[in-house]
Amino acid sequence: MNRKLSRRDFIRATAAISTYGALRSLWPSWMPRYAFANEGSQGGDVLVCIFLRGGADALNMVVPFGDENYYRARPLLGIKPPDAHGERALELDNFFGLNRDMRAMQEMFTASHMTAVHACGSPNASRSHFEAMDVIERGTDGVAGPTSGWLGRHLMATTQEGDSPLRAIGWSDKLQKSLHGYVSANALRSIADFHLTGDPDLANDMSLALTSMYQGTAAPLGTAAQSTLQALETVRLIDIDQYKPANKATYDDSELGRGLKQTAALIKAEAGLEVACIDHGNFDTHVAQSQLLPPLLRTFANNLRAFHDDMLDYLHRVTVVVISEFGRRVQENGGGGTDHGHGGVVYVMSGHVVQQPIIASWPGLNADFLENGDLKITADYRDVLGEILTKRTARTDLGLVFPGHSYQPLGVLR
Amino acid sequence: MIVSRRAFLGALLGTVAVSGCSQAIDELTQPKLPATLIPPTSENRHPIAHLLNRATYGPRPGQVADVERVGKERWIRRQLDYDSIDDKALGWKLRRFDTLKMRPDDLMSFGRNQTFIVNQLVQATLIRAVYSKRELFEVMVGFWSDHFSINHFKDTDTVIFLKTIDDRDVIRRHALGKFGDLLKASAHSPAMLHYLDNTVNEKSHPNENYAREIMELHTLGVDGGYTEQDIQEVARCLTGWSINDRGRFVFRSEWHDNGKKVVLGHEIPANGGKHDGELVLDILVNHPNTARYVSTKLVRRFVADDPPQSIVDACVQTWQVSGGDIKKIVFTLLTHPDFDIAAPKLKRPYELLVSLLRTTNAQYNGDDGLVDWLVRLGHRPFGWVTPDGYPDVATIWANNLFGYWQLEKAAIHNELPGVDLDIWDIAKHVGVERKADAMIDFFGRLFYNRRLNPTEEAAIKGFYADNGRFSQDLHNDNNRRRMLDTLMILIGGPAFQYR
């Protein structure tokens, strides 16, 4: 007979010969992460961080149609006000509108599941992609300061015994810099990469043997073994190709779509995920922006909407934040594109955002108000991220996460 | 004429080195398995194995028996007298890492942002941990590298590759010397002064970073009895302690604050110049909280996450009597009766990797790909960002267990870059390569330094056999593959994750 022992059979068999005997601690049925958390701690939101790489053109995504200087600076690329004819913006409030290629997101704004902070970004003046990304991912305002990432430090400050090995994932070949500094962060291309071996039968046998080896092992190694074996089991049970998103949501096969879909699956599987990082781009639209930008925006908006719909029952404990290294120059260039700029938009999706689609202390696009031709920063990105960490995640240490920054919440979240 | 084996080996290596063939050097200097290799057969882990797991990066095959013959105390004394230990074979292996011997000027001449310099230091560090016969010395180098941690990745355009000089002239020169000399060398180290921003500490723009950390992390400890005022005063004393464009320490008197200062109650008179900083170092070295703080860290490193007070007290006493003689303090620690009953101590990823290579007598050629494994596991030498050094408690590292298992699986299957790890070589050497149970019993003892307990034996042998699907005969490939997976479970078990 070649039948494999089921996990249950195996446990029964080993428990019978075990001197430890405590079956419940040996292999508890799947339990959600907060059951592992230390008593008295508040399980926080799952935080999903999307980075729009390349410098996304914030002015053509959340359009300041109420500022006539926008149309002077962008005679060709400017998006018309909501009441005009042709390629019009979708109204968000009486000053800002949404690019039509992002229409999938409009209802998220009107339902107060999303808000966007305009003229937001890093006080660092760098217009270099590398440097500006580096500064934002490290959570600083210049080259000085720690080289680890802001999320890495947050995770390190809030780590506790029994944390899931799937606590922090960068959906990428290479771990995003934001996550650097947390020793247990995983860079995964897919959930399916999280296994002991590609042969499922062998992997199952190995897990059973390791379960047996670790029975009675003291904390924290014993607890780590339990949560690791459970995470392996959870991931094994997730057949991502068969995953059916809720509410008829559809992700596409882009890096963003795959990342969000797998994030959703892990959240629903209660795999202990706390932070996921996903990249989307390239937004570096120096030329032919009218051809290059629309597909990027549709991918962005459609997948974010899919995630929103899929996660509708979870929005009270999931927060998505979207950032780019900088916005683009106010004045369009001669090549039908835009060059590197400064102020941008930071988007926040959550069941707890304030009832205000756009949060902005608008600096104005009059040449006198610009910073070397760029939209000025009136909101520090760290105040948005800091508010999310403060209000929606387990107690953290903002002084460690954003060293040297004096936190001033903008009122993004209720 | 009879040529001694050593002379012959030396001549041969000389030829090989000239021809630049480092592969041949690696093979010729690879330690041989002892002719008779009998790992411990006791029920509990052999006490010598406990010593070797803490005082080295993990026992090599046969080493437990060797040290037992020598005797515990004699072995410790020999290891502390590290200069007298012949380490020529290691020297041959390190020959190609030419930047290790360079002067600061030579290193600076390459220009900034030279990754090959930092890579050479990391690769050499790994090779030393695996191969050096000065095993306790290497463990102490690792300890001080954390204590006086310098991050190789401070920023994108730095002179941080001067860490190579710090490693040689500060950490290695004083790792088993006097703590006072070590601290003073560190305070003159260009890499340290740059890392903690003292290179820009001048009277008109004081920078308190180094002043704070030298008290909080290097000497007194966070609750060591200093105030914010003391930090400002120490920073003033250290104004002008900087580096020049040749990568050397320089005191810039024009940057120095020559006013009177008070540090921890000691008055430092005006116009002391560079002497101000030296007085500060003396105050810190002689402060009783320094002895206690650093001793506690040593005991945490060698004994347990929660350091037993008895051993800390003994170390502090030796510290005071000997004037901070590190050799004497380490001797006190390792021979303390409570050392033998220490709680389990989880290996950190670097220690896990090095112990894997040592336990299996694997050959490592310095390939940078192996360093990538350490990056993935969050434990690349000199890669910790903040100046407190890599954490030394299991709660931080235990959640990495999946990564530990991946590393162990890759090792057993001989898939680690730059590593030749042949399980079957060892099996053949001791004659257990034909029968599954014999092989499991042998490697169980080799990896754990004791017999497998009944639970482990049932789990491991049960996994191998899989209800009779795999027979005892290890001649067929299918069974041999299964055996490697079996050994992964063995080495992935809790006993091997502990030091």
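**Entry 1**

I began with one residue pair: Val63(A) has Gly97(A) in β4(A) as its bridge partner. I noted that this is a predicted model. Next I looked up the strands behind that pair. β2(A) pairs with β4(A), residues 97-98, in the antiparallel sense, over two bridges.

I then traced the sheet. It is open, has three strands and runs in the order β2-β4-β3 in chain A, with antiparallel pairing.

**Entry 1: where chain B meets chain A**

I turned to the contact between the chains. Chain A gives 45 residues and chain B gives 44. The buried area is about 3400 Å², and carbon and sulfur atoms give 69% of it. On the chain B side, I found that Asn399(B), Phe402(B) and Trp405(B) lose the most area to chain A, together 22% of what that side buries.

**Entry 2: charges and polar pairs**

How many salt bridges link chain B and chain A? I found one. Arg482(B) forms a salt bridge with Asp205(A), and their closest N and O atoms are 3.3 Å apart. I also noted four residue pairs in polar contact across the interface.

**Entry 3: the chain B side**

I listed elements that give two or more residues to this side, among them α22 (401-412) and α26 (477-491) of chain B. α25(B) supplies the largest share, six residues. By class, I wrote down 23 nonpolar, 12 polar and nine charged residues for the side of chain B that touches chain A.

Note on methods
Residues numbered from 1 in each chain as written. Chains lettered and ligands numbered in written order. Predicted model: local features only at pLDDT ≥ 70, side-chain atom pairs only at ≥ 80, totals over all residues. Heavy atoms only, no water. Contact = heavy atoms within 4.5 Å. Buried area = accessible area lost by both parts, 1.4 Å probe. Salt bridge = Lys/Arg side-chain N within 4 Å of Asp/Glu carboxyl O. Polar contact = N/O pair within 3.5 Å; in protein donor to acceptor, adjacent residues only side chain to side chain. Helix = DSSP H or I, 4+ residues; strand = E, 2+ residues; numbered from the N terminus. Nonpolar A, V, L, I, M, F, W, Y, C, P; charged D, E, K, R; others polar. Pairing = 2+ DSSP bridges.
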